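Let's take a quick tour of a protein and what sits inside it. Have the picture open while you read, and look up each residue as it comes along.

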Amino acid sequence: MSYKIKKICCIGAGYVGGPTMAVIADKCPNLEIQVVDIDEEKIKKWNSEDLSLLPIYEPGLEKIIKKCRGKNLHFSTDLELHIASSDMIFISVNTPTKTKGIGAGQASDLRWIDASARQIAEFARGETIVVEKSTLPVKTALTIKKILEVPKAKNSSKKFTVLSNPEFLAEGSAIEDLNYPDRVLIGGDDPQAMDALIEIYSNWVEKDKILTTDLWSSELSKLIANAFLAQRISSINSISALCEETGADIMNVSKAIGSDKRIGDKFLNPGPGFGGSCFKKDIMNLVYICNHYGLSEVAEYWGKVVDINNWQQKRISNQIVEKLFGTISSKKIAILGFSFKANTNDTRESPSIYICKELIEEGGLLSIFDPKVDKKRIELDLGPELNKKDTNNINQGGWIFSNSIKESLSNADAVVIMTEWVEFTTIDWALFASTMRQPAWVFDTRSITNIKAAKKYGLNIWSVGNGEND
Ligand code: NAD
Ligand code: UDX
């Protein structure tokens, strides 16, 4: 049968659900889009008049929200109403790594997927296309289908088709990625339902970029895309350590190898290890699946990508302590950047969290500045902020929130550049070097600062892939 899609509901108003539905609403003015979530606070933020209060920061998002919200794009907590009246339902809920039970530390926690499928089974009416937007272990569509089959047995008017349509956006460039995707992937076994989804994307994506596959290839491709991207970062980070030992420059190596078309120049930037909610979780899930099928060598191979990432973070925090004469107790260390990458307020799995925790453990007094991450978020990640009055006579580590680069660097023994925010690439060392306590250090974990300028003003430098710069 052919489907006519008039109304879409998206379960999950997070980093994927929000921007993805905003772009669909923008490109398809004739569709009504309802984004629903169980988190009332989040929905309030999505509906707030002041657009700076939206729950997520993404360049270009505010403009679309301003244009479409209240017209064909709506945010609501009324799941029952919108599931019941929609022709197509996207599941875009979180799928983090399990923290306990079978597969803890590796397998995906599918409780939110299970709950979403049950909500759909209960509230949906008539014929509904269910689209997996969340990243899922291969064969999850089977579980969803089984949950959806229960009401079918009781009520013949309900009919469901499940499609897989994984999302490839990266945070910080989500709107650009959604507007100009490299490809859209649709997996399924119902050609008419697949056509209905293709029709939606065809409003702005060229037909040859819309790839169709079976369900399992689609689900698995998403995990593998993330694993391959993360593998490149671990590869270049492993070589950053070798460059530091040998005197080779990682940026020159990166450029030289990236110029080979077969290798390509993307995802070859060294750094403090990959963060974000996806890479580690998806690789651990891949490891779990491989072990499940008895492919222990394959599991070990991909597990190493995460091992190198952890090692890179540890090696950077060790460098900081070593260079500061083996002790950072009561030393002020400016931390520039707390999000896991530039242009997002997301801190999930941010390398800053790990490195800050290590430095606090060593007794350092951290002054953290990030252009978009607020104090409340850092408190959730690191524990309570130190009482500012007590910072002069503490003898244990801790952190304080800083409102600017200037405030963060003032009287600091060292500055650690953690995120590649554009304001950190253009720090005016002439202005700030003299405000630091000498001998002062710059630790550039992204190799983005102007080393020559920093050196000119008397600062000691360590940068990833270059090491100590004399
Ligand atoms: P998120 O945590 O930002 O958002 C998920 C939302 O789902 C939350 O607001 C939560 O309250 C809501 N939710 C959970 N269960 C619900 C239920 N039963 N009913 C209604 N709402 C419910 O997560 P995210 O970053 O948007 O990721 C969502 C999925 O997309 C994950 O599977 C992730 O792996 C995948 N993904 C994420 C990215 C990314 O860059 N963040 C990119 C591609 C794919
Ligand atoms: C990733 C994938 O890129 C995206 O396709 C998928 O849908 C979700 O997961 P995201 O995690 O949002 O996106 O950002 P990404 O740009 O991939 O960066 C991930 C981490 O790798 C960040 O910590 C980033 O700083 C780091 N990174 C990236 C590097 O260290 N070096 C690079 O060259 C690129």
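A polar contact here is a pair of N or O atoms within 3.5 Å. With that in hand, look at N269: one of its backbone N or O atoms is 2.9 Å from a nitrogen atom of ligand 2. Keep in mind that this is a predicted model.

**Around ligand 2**

- Ligand 2 has 19 residues around it, and L169, E171, K222, K341 and R446 come nearest.
- On its own, ligand 2 has 660 Å² of accessible area, and the protein covers 92% of it.
- Helix α9, which runs over residues 215-246, gives the most to this shell, with four residues.
- Sort the shell of ligand 2 by type and you get 11 nonpolar, three polar and five charged residues.

**Around ligand 1**

- Which residues are closest to ligand 1? They are D37, K42, T95, E171 and K281, out of 28 that surround ligand 1.
- T95 puts a polar side-chain atom 2.6 Å from an oxygen atom of ligand 1.
- The side chain of N94 has an N or O atom 3.5 Å from an oxygen atom of ligand 1.
- Y15 takes part through its backbone, with an N or O atom 3.0 Å from an oxygen atom of ligand 1.
- Ligand 1 taken alone exposes 840 Å², and the protein buries 93% of that.
- Four residues of the shell come from helix α5 (residues 111-123), which is the largest share.
- By type, the shell of ligand 1 splits into 10 nonpolar, 10 polar and eight charged residues.

**Rings that pair up**

- The model has nine aromatic pairs.
- One of them joins Y201 and W204: their ring centres are 5.5 Å apart, and with 50° between the planes the pair counts as tilted.
- Y201 and W204 are both buried.
- F267 and F279 make an edge-to-face pair, 6.4 Å centre to centre with 65° between the planes.
- Because F267 is in the loop between α10 (250-258) and α11 (279-292) while F279 is in helix α11, this pair ties together parts 12 residues apart in sequence.
- Is F279 buried or exposed? F279 is buried, since its relative accessible area is 12% and the cut-off for buried is under 20%.
- F267 has 36% relative accessibility, so F267 counts as partly exposed.
- F228, Y301 and W302 are linked by ring pairs into a cluster.

**Charges over rings**

- R183 lies over the face of F168, 3.6 Å from the ring centre.
- K372 does likewise with Y57, lying over the ring face at 4.4 Å from the centre.

- You'll find N345 in the loop between β9 (332-336) and α13 (351-361).
- N345 counts as buried because its relative accessibility is 16%.

Technical notes. Residues are numbered from 1 along each chain as its sequence is written. Chains are lettered from A and ligands numbered from 1 in the order in which they are written. This is a predicted model: local features need pLDDT of at least 70, side-chain atom pairs count only at pLDDT 80 or more; totals for chains, interfaces and linings use all residues. Side-chain values use heavy atoms; hydrogens and water are left out. A residue is near a molecule or strand if one of its heavy atoms lies within 4 Å of it. A polar contact is a pair of N or O atoms within 3.5 Å; within protein, one must be able to donate a hydrogen and the other to accept it, and residues adjacent in sequence count only if both atoms are side-chain atoms. Accessible areas come from the Shrake-Rupley method with a 1.4 Å probe; for residues, only the protein chains shown count as cover. Helices (H or I, at least four residues) and strands (E, at least two) are DSSP runs, numbered from the N terminus. Ala, Val, Leu, Ile, Met, Phe, Trp, Tyr, Cys and Pro count as nonpolar, Asp, Glu, Lys and Arg as charged, and the others, Gly among them, as polar. Rings of Phe, Tyr and Trp (its six-membered ring) pair if their centres lie within 6.5 Å; planes under 30 degrees apart count as stacked, over 60 as edge-to-face and the rest as tilted. Buried means under 20% relative accessible area, exposed over 50%, partly exposed in between (1.4 Å probe, protein chains only). A charge sits over a ring if NZ of Lys or CZ of Arg is within 6 Å of the ring centre and within 35 degrees of the ring normal.
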